[in-house]
Amino acid sequence: MQNHRQTRLCFKTIRIHRQCYLLPALIFALLVVGLSVPGMTATLSREQCAQFFEEANNLYHRADQITAQHPEEAESLYRQAAMRYESIVAKGDIHNGKLYYNIGNAYFRLKDIGRAILNYRRAIQYIPNDANLRQNLAYARKQRKDNIDEPQDTRVFKTLFFWHYDLSSQTRIFLFSVFFVAVWLIAILRRFFRQSMLRWGLVFAVGLAVLLGGSLIAEAVTRVRITPGVIIDTVVTARKGNSEAYAQSFTEPLHAGTEFELIEKRDAWYYVRLADGRTCWIPAKSAELVR
Amino acid sequence: MHKRRGILMGCIFLMQLCVLVPDVFAAPVSAEATVDKTDVFVGEPFTLQIQVMGSESPDQPKLPAMGGFNVAFVGGTQNSSTSIQIVNGRMSKDIRKGYIFSYRLTPLRKGKLLIPAITVMANGNSAVTRPIPITAREPEEIDDFKLRIHLSKTRIYVGEPVILGVTWYLGSDVRNAAISFPWLQNDNGVYIFDQKVNISAQKAYYRVPLNDGEVIGEKGKEILNGNTYGTLRFEKVLIFEKPGDVAIDPATVSFQALVGYRKRNDPFDDDFFSNFFNDRFSALQREGVYQQFVIPSNAISLTVMDLPAKGRPADFSGLVGNYHLTASAKPVSVNVGDPITLTLELSGSPYLQPVKLPQLSQQPALVRDFKIPAEQADGEVTEGKKIFTQTLRPLRADVKEIPPVTLSYFDTQDGIYKTARTEAIPLEVSPTRIVTARDAEGFSRPVAVGSEVETFSGGIAHNYEDSGVLSNQIHNPVAWVMSVRGAATLVVPPILYLLFLGGSFFYQMKTADPAGARAKHAFTRLQKKMKQAKQGKNSQQMTMDLLDAVKNYLGDKLRIPAGALTFMDVRDPLIGRGADLQTLEGLKMFFAECEAARYGGAPENSETVNLYDRVQDLVKTLEKIL
């Protein structure tokens, strides 16, 4: 009788162990399904987006080929390519770092440094560690007229919290999801297997989930608190107040490509903080916000 | 309700009354001017205090013109007090508000002077002080102390620096000294600045109050009129801007001099630390006696000559002295329009601080070949040189050099005009090409044959054309959390874990107490077996099945083996659980009848039905107590 009971207990334990191996598969399946949910507000179909994309690429190639001999015609082609890329964003509701990068390139060829930097900044939200994007953004920044230094402490932060600045949001969300699920999975497994490897695995997963989760929370807070923008007009007179009646803030006007953080929007004026910490008012029509 | 509202309104009214009382019954504002002395020497500073009563925050008064005084605002402080008196158990509170403005006044001339009435504004009210007459006496020189001023030259040119030295000769210890030199404060058309003091470790230096500021004086020792004095000396540099004869009015110094010692009357009525520093350590049993003195200096004059018109260059800069000018430029290999930083170093004169470089845009040779900004930065004095920097942009590719920069000045030693001139700086200026988009990307830059291949940082990289460009990417953590996928990722794993935890808990509970689990479900099993027994083949079999069902039920409930259970086995446990006698009797009869049926043959069907009903009633009663 006793032996029979022990046999039944062992059998049930084995059945539960098999169930716990099925849990991660179920959770990962949910995760994968979730990550592939498409955009909901598109007015262009996927096929139309693909067609626009191909047309834009062809226009860009043709412009590249004739820019040396016929710069004016090439400029027109670059502009058409930029419009098609932008239509994919606006009407296709596709937000992709490489797409914004292509738009930035088209505007760079049009010598529109302001919009080039604006779209590179948009792209860097999605693909911050893309070498080409970093190079193009750095080069575009060199082309702008205003030379405003970035504060040194920001660079220090970027070095210390490299995963926050160097990994894209999508990558961090994916990694956080993996480690978050791993935490619960290992917690379940530890109900059966009291191995030190699982304990250290749990500590590792919790640590990384906290770091990545903290990074995502910090980004969410930053997105609420900081709205970056770029001046797109060739020349803008920065003023000390939100009308033309106020005196200019600086002896020299600001130029296209100068980046700022939006502090306040009042009527048709932006109150902005430049990279070196100085503040001023600029007309809202002279700039665009990164997000 | 109305009564409560009335009480509430009354409380609010009282609170408002308490708040308003101080303003309603505020004392009227009054003002009084006081001085610490009315009989002073010329140059001797004294304190004027304007006491405002009735307000803690009056406006700072605008002083009327006070000819004959040098006025300096020292500061202001609140002068409020609160006193409480309790007489026969009744407390009265007296609050006095006040404010004091302090000024330091220094008479500039002898005679009867007047501090006029001063109007003070506070809380919208005004108050006026009474005028105060002051008698200012001419200071007189004394043997132990002298004040001397002198010039390094008495005949100078306009723009030529001259040193004004002030020496105070001291015959004994002094304290609370202040020098008044009104001439330095007047607008005499003179540029005045401090002579640089070269601090030496072997010498002693003191800060001496001078007019509204202070100056660093160097301690020394000198012989004057055959007497040896300790000295305190400082210098000012004067540069006159206009020609003419100039008389420099005397300065005065006011101080308290040690004139003797007296025995300390009460050694316990003594502020040890203050006198320790004011008196000598050896004089602990005596204290110094100080007397106030004000002594004048001598008066001096000089002649400022205009610069000669003969030989004056058209580009004369106005500089007087002896100057050297050198120049350097960086970079020297540029394209047309590129900026070149031109650095000019001016040296020669020890007093370069006020020197300004003439406008480079006025130099024809430079203007011809370069674009020069209209604004010109002030230079910076470093190590005996004044360094000026200026940006130049070459206008053409044929510019081969930065031509010499010239600076005309008047040399006082030789009495003639001279010109300092830099060396020409060779340049390589290349023509600027028209910049296209390809240039901006660096495509048309020539590559040196055979040179080391380096990464070129210019230009932009290629477009992305893969299909991944058209996939949506997430970059907003909040949007991800609000999405189905984000919410599922965050919620599902913890819920699954909790479900698993709950299941595991129940399983452990079950495996830890199997008898308890059987007891819990015993009644259900009994009902099921009784129904099966009712559908049995014959009445004997039904009776046996009923007996087995009841035995198993009692065995499970009482946690005893059910196989050979008898009434005697369960009687005591049931009594322990609170079973009544009727139930026990019924159960005993049931066991007896079933045993009788087992060995005595099948009962009648009607008896079996009756037995079934009795068992139903019996187990329902037992279920309540087990």
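**A packed pair of helices**

A: H2(A) and H3(A) run roughly antiparallel to each other, a label that applies because their angle is over 145 degrees. This is a predicted model, in which local features need pLDDT of at least 70 and side-chain atom pairs count only at pLDDT 80 or more, while totals for chains, interfaces and linings use all residues. Residues are numbered from 1 along each chain as its sequence is written, and chains are lettered from A and ligands numbered from 1 in the order in which they are written.

The angle between H2(A) and H3(A), which spans residues 71-90, is about 160 degrees, and their axes lie 8 Å apart; an axis is a line fitted to C-alpha atoms over the stretch in contact, and angles run from 0 to 180 degrees between N-to-C directions. Helices here are DSSP runs of H or I with at least four residues, strands are runs of E with at least two, and both are numbered from the N terminus. The crossing of H2(A) past H3(A) is left-handed, meaning that the near helix is turned anticlockwise from the far one by less than a right angle.

Among the residues that make this contact are Phe52(A), Phe53(A), Leu59(A) and Ile66(A) from H2(A), and Leu77(A), Tyr78(A), Arg84(A) and Ile88(A) from H3(A); two residues are in contact if their C-beta atoms, placed from the backbone, lie within 7 Å. By class, the contact of H2(A) with H3(A) has 14 nonpolar, 2 polar and 4 charged residues, where Ala, Val, Leu, Ile, Met, Phe, Trp, Tyr, Cys and Pro count as nonpolar, Asp, Glu, Lys and Arg as charged, and the others, Gly among them, as polar.

Around this pair, chain A has 10 helices and 7 strands. In chain A, 61% of the contacts with a separation of 6 or more join residues 24 or more positions apart. Of the 291 residues in chain A, 34% are buried, which is to say that 20 or more other C-beta atoms lie within 10 Å of their own, all placed from the backbone.

Chain A also meets a partner, with 52 of its residues in contact with 36 residues of chain B. H2(A), spanning 46-66, is one of the helices that each supply at least two residues to the side of chain A that touches chain B, although the largest share of that side, 9 residues, comes from H9(A). That side of chain A is made up of 28 nonpolar, 18 polar and 6 charged residues.

Conventions
A residue is buried if 20 or more other C-beta atoms lie within 10 Å of its own, exposed if 12 or fewer, and partly exposed in between; C-beta atoms are placed from the backbone. Angles under 35 degrees count as roughly parallel, over 145 as roughly antiparallel, 65 to 115 as roughly perpendicular and the rest as oblique.
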